[in-house]
Amino acid sequence: MTKTTPSQPIPALYRTIYLYIEPISTFVGAVYAHHFQSTYLQLTHVGSAPIGPVPLGTSVVLTQLANLYLLLCINEALVLRATTDLKVWKTFLFGLLVADLGHLYSVHPVGSWVYWRFWDWNSIDWGNVPFVYFLAISRVLFMLEIGFGRTEVDKKDA
């Protein structure tokens, strides 16, 4: 097995976001989607949240969502810790960027206000909109290598 060394280290800001902040936030999402299903549904859209017990089918789907959040948490925390290969990081984060765009699209049925009326946001809206925008922007910046130091090769070319 060939070990590759990166041309440059992953900057601390990106390591902090992808190895700690995002995995913790997805873990919290998993806990809420599985253990606090009524609250999760009410925070997502109070008008359509069931009154009383969560229907069995909805509970199953929320547990599946929790499982996917847990998968994301584990994959991000462990896969990115297992390598410093920039190509692997960029490939992995590109997949998450696509998921970010899907996540932002998924809240559209709530109403277009959800994208801009921050004064009306609840805790799940803060996680669904600005936090996802932040992650998407940070992924684009990462893929463009913004914030990376110049390598010796770059310095010689200048």
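Analyst: Here is a quick tour, beginning with the ground rules.

Analyst: This is a predicted model, where local features need pLDDT of at least 70, side-chain atom pairs count only at pLDDT 80 or more, and totals for chains, interfaces and linings use all residues. Residues are numbered from 1 along each chain as its sequence is written, and side-chain values use heavy atoms, with hydrogens and water left out.

User: Which residues does UniProt list as "transmembrane region"?

Analyst: The unreviewed UniProt entry lists 12-34, 54-80, 92-111 and 131-148. Those positions use the numbering here, feature names are shortened, and annotations may be inferred rather than shown by experiment. In the model, residues 54-80 are 93% helix and 0% strand, with end C-alpha atoms 36 Å apart. For residues 92-111 the figures are 75% helix, 0% strand and 31 Å.

User: OK, packing. At what angle do H1 and H3 pack?

Analyst: H1 and helix H3 (residues 56-82) pack at about 165 degrees, and their axes are 8 Å apart. Axes are lines fitted to C-alpha atoms, for helices over the stretch in contact, and angles run from 0 to 180 degrees between N-to-C directions. That makes H1 roughly antiparallel to H3; the cut-offs are under 35 degrees for roughly parallel, over 145 for roughly antiparallel, 65 to 115 for roughly perpendicular, and oblique for the rest.

User: Who's in that contact between H1 and H3?

Analyst: Among them are Tyr18, Glu22 and Ala30 in H1, meeting residues of H3 that include Tyr69, Cys73 and Glu76; contact means heavy atoms within 4.5 Å. The residues of this H1 contact with H3 divide into 16 nonpolar, 4 polar and 3 charged. Here Ala, Val, Leu, Ile, Met, Phe, Trp, Tyr, Cys and Pro count as nonpolar, Asp, Glu, Lys and Arg as charged, and the others, Gly among them, as polar.

User: How do H1 and H6 cross?

Analyst: The axes of H1 (residues 12-35) and H6 (residues 130-143) come within 12 Å and cross at roughly 150 degrees. That makes H1 roughly antiparallel to H6. Tyr14, Tyr18 and Glu22 of H1 are among the contact residues, as are Ser138 and Arg139 of H6.

User: Is arginine 139 buried or exposed?

Analyst: Arginine 139 is buried, at 0% relative accessible area. Leaving out residues up to four places away in sequence, arginine 139 touches Tyr18, Glu22, Glu76, Leu93, Leu96, Leu97 and Asp100.

User: Last one: what's the phi of glutamate 145?

Analyst: Glutamate 145 has a positive phi of about 60 degrees, although it is not a glycine. Most residues other than glycine have a negative phi. Glutamate 145 sits in the loop between H6 and helix H7 (152-157) and is partly exposed, at 28% relative accessibility.

Note on methods: Helices (H or I, at least four residues) and strands (E, at least two) are DSSP runs, numbered from the N terminus. Buried means under 20% relative accessible area, exposed over 50%, partly exposed in between (1.4 Å probe, protein chains only).
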